[in-house]
Amino acid sequence: MIDLTVNGQTHGIDADPDTPLLYVLREDLQLNAAKFGCGLGQCGACTVLVDGAPALACVIPIMLLAGKQITTLEGIGTLEDPAPIQQAFMEEQAAQCGFCIAGMMMRAQALLQANPRASDAEIRAHLQPNLCRCGTHLRILRAVHRAAALILSGHPAATHAAGASGQAGGAAGPDRHGSDGPSPAAPEDRLRPDDRDLSRHPQQRERPER
Amino acid sequence: MGASDRVFAQYTLNRGRLVRAGKLALQFCKAHSAMKLPKSGRILVGVLGSVALAVGACSLLAWREVLDPIEPPAAHDFDAASVRRGAQLAALGDCGPCHTRSQGEALAGGRPIATPFGTIFSTNITPDPQTGIGRWSRAAFRRAMREGVDREGRHLYPAFPYDHFTLVSDADDAALYAYLMTRRPIRAQAQENHLTFPMNVRWVVAAWKLWFFRQGPYQSDAAHDRQWNQGAYLANGLAHCGACHTPRNRFGAENPSQGFAGTETDGWYAYAIDSAAHARVRWDAKALNVYLHYGWHDQHGVALGPMAEVTAGLGDVPDGDRTAIAVYVASLMNPPRLPAAGKAPSGQASSGDGERIYTATCAQCHDGTRPLPFGGVQLELSTAVTGDSAINLVNVVLNGLRPSEGAAGPIMPGFASALTDTQLDALMSYLRMHFAGKAPWPAAIERVREARRRARD
């Protein structure tokens, strides 16, 4: 029995200590955001956070994780109350098939938690380990910039969703919504000019309130 | 040529100026000996005079003329073949990685280079007339390469490895010049170096050169064939292998008696590539050529850290140049010191946690059926495990491996967030005992902490 702390809750896991974290997340805990892509730690679809840093759940056995804080996409926001990174990915319609997106969001989350003012170059370099077969990279980059702007403008995602009554989405981890930033940079300002002209989904026109 | 010969050669070079300075000094002394001064005054004059003489002599030795600026040449001033050859030579010389800052414009400089004396920032070598080398004549470029002096006559710090580039032939310098002068000019002012006194004084570099710098160009070794000589010319010259692989003395100069003996620089260990080279499977010219071309070899593993930048560049050079380097370097390596491949007897190396971590985490790639580049290298073949320093193994386990920008290559995920320092220490002890048949590295956990600190900075 190994105690794993996932999204703030501790679970006693009765599995072989060699079992990769991903199998436990998906099969024992029914947390299905992290995906099985290559199983070799080469594609990033299984990215989760361990103690706030990105980790590839498919190659990390649970024996290494006792006492560490594991955060999955389910732990940073809910459908009703999405985290800035989730809100931004929806607004930018950054998913095509969607298989890589949970991993992309988690890796981006790790960066923005540490540095919501990351430059475009830093974002590109940081996301380099995660692969996308559909080729939605430009939308993904826009979404990460948008999430950074949401974080810097102070939790607009929490007030954005009209239906949300404001309650936190259950098992939110300690890193919920990243850090507060004093400077309310408009999301548009974070986008590079040449990206703005690309066609957008109609939903894109709804700007988050600030 | 010994150090004293070099002093003499330098002296001869500046003889005219020295003679004039000497006559002036003599007149000064004669004039002052006639003056009636108290004893203390005479001592003071003597001391001041000596200091002035010493400073004067140093300045004269260090003095280099300013070469006239030119109108930046146009692209059509150079023939295409020269530019093409220059591009290959620039890849061989690894100009790009040092002269490009992280995420910056190619060749526009600004990359910090840590030295024991402070941080030096690489300069802009695009043909921008104001901030780059746009106003440098071919002669000025050749002087920088051959003598380590910039167009304005300032001595360059040997972080720019002119102690190697001095060997480059005039023809190759001309091709490099043609390549660099036809790049897109980028306006980027070089950052000020952060150096401590006295290293921030340029003429100190002139003194350094007297003792540690031997001017080229390369002299062919008649005992070897043309290919070997081409390899020696490239490896010791433009490719400046020794800049990382040769230990340096406390003045930052490569120690000629330890050429290619292996050393640690900036958080990575550059292994011995001389007769002390140790690999389970002997390196030969063919294996080296493959490794330099692709950045990995199935019986030797994957190029890490700065070497990955080198092999990314060497992928673009003609096979003849790369083969020549491989032939030359292979000739320096004797049979390996380690016994042939084979794991330590089981039982000897059981290390509890370390073995369990290896089996659960590493074995599926490193002990599987997929060869490189799709699987991991068998760890008994890896110099990172069998070598003298733990640092490369620490770096790669924590941060993983990524191919260089734009290059294809093996990928390994990093385990920085998954492994605690203690877990990684246990894993390394196991790998060391089981795959290298050696005692664990002393204080390996310190190297782990150090590598984590470096990754954060």
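Colleague: How many helices and how many strands does chain A have?

Modeller: The model is a predicted one. Read along the sequence, chain A follows the pattern β-β-α-β-β-β-α-α-α-α-α-α-α. The totals for chain A are 8 helices and 5 strands.

Colleague: In what order do the strands of the chain A sheet stand, and what is the sense of the pairing?

Modeller: The 5 strands form an open sheet with mixed pairing. Neighbouring strands of this sheet are turned against each other by 40 degrees on average, direction ignored. The order of the strands is β2-β1-β5-β3-β4.

Colleague: Which strands of chain A stand at the edges of that sheet?

Modeller: An edge strand here has a single partner strand, so one side of it is left without a neighbour in the sheet. That description applies to two strands of chain A, residues 9–13 and residues 53–56. They are β2(A) and β4(A).

Colleague: Which residue is the bridge partner of A:Leu49 in β4(A)?

Modeller: Strand β3(A) is joined to β4(A) by 4 bridges, and the two run antiparallel. They form a hairpin with 2 residues between them, and A:Asp51 in the turn has a positive phi of about 50 degrees. Within this pairing, the bridge partner of A:Leu49 in β4(A) is A:Pro54.

Colleague: Which residue of β5(A) is the bridge partner of A:Leu49?

Modeller: Strand β3(A), residues 47–50, pairs with β5(A), residues 69–71, in the antiparallel sense over 2 bridges. In this pairing A:Val50 stands opposite A:Ile70. The partner of A:Leu49 in β5(A) is A:Thr71.

Colleague: Which residues of β3(A) are buried on each side of the strand?

Modeller: In a regular strand the side chains alternate between the two faces of the sheet. Both faces of β3(A) are covered. One side holds A:Thr47 and A:Leu49, and the buried residues on the other are A:Val48 and A:Val50.

Colleague: At about what angle does α3(A) run to β3(A)?

Modeller: Helix α3(A) lies across β3 and β4 of chain A. The helix is mostly covered, with 13 of its 14 residues buried. Its angle to β3(A) is about 30 degrees.

Colleague: How far apart are the end C-alpha atoms of α3(A)?

Modeller: Helix α3(A) comprises the 14 residues 101–114. At 1.5 Å a residue, the helix should span 20 Å. The distance between its end C-alpha atoms agrees with that expectation, at 20 Å.

Colleague: What share of the residues of chain B count as buried?

Modeller: Chain B has 19 helices and 7 strands. Among its contacts between residues at least 6 apart in sequence, 68% join residues at least 24 apart. Of the 457 residues of chain B, the share that count as buried is 38%.

Colleague: Which residue in β3(B) is the bridge partner of B:Thr119?

Modeller: In chain B, 3 strands form an open antiparallel sheet in the order β1-β2-β3. The edge strands are β1(B), residues 112–115, and β3(B), residues 194–195, each pairing on one side only. Strand β2(B), residues 118–121, is joined to β3(B) by 2 bridges. In β3(B), the bridge partner of B:Thr119 is B:His194.

Colleague: Why are α3(B) and α9(B) described as roughly perpendicular or otherwise?

Modeller: Helix α3(B), residues 39–62, and helix α9(B), residues 202–212, pack with their axes 9 Å apart and at an angle of about 75 degrees. Angles of 65 to 115 degrees count as roughly perpendicular. The two helices are therefore roughly perpendicular to each other.

Colleague: Which residues of α3(B) and α9(B) make the contact?

Modeller: The residues of this contact divide into 6 nonpolar, 1 polar and no charged. On the side of α9(B) they are B:Trp203, B:Ala206 and B:Ala207. On the side of α3(B) they are B:Cys58, B:Ser59, B:Leu61 and B:Ala62.

Colleague: Which helix gives the largest share of the side of chain B that touches chain A?

Modeller: In total, 15 residues of chain B are in contact with 19 residues of chain A. The residues on the chain B side divide into 8 nonpolar, 5 polar and 2 charged. The largest share, 6 residues, comes from residues 353–366 of chain B, helix α15(B).

Methods
Residues numbered from 1 in each chain as written. Chains lettered and ligands numbered in written order. Predicted model: local features only at pLDDT ≥ 70, side-chain atom pairs only at ≥ 80, totals over all residues. Pairing = 2+ DSSP bridges. Buried ≥ 20, exposed ≤ 12 C-beta atoms within 10 Å, placed from the backbone. Contact = placed C-beta atoms within 7 Å. Nonpolar A, V, L, I, M, F, W, Y, C, P; charged D, E, K, R; others polar. Axes fitted to C-alpha atoms, helices over the stretch in contact; angles between N-to-C directions. Parallel < 35°, antiparallel > 145°, perpendicular 65-115°, else oblique. Expected span 1.5 Å × (residues − 1).
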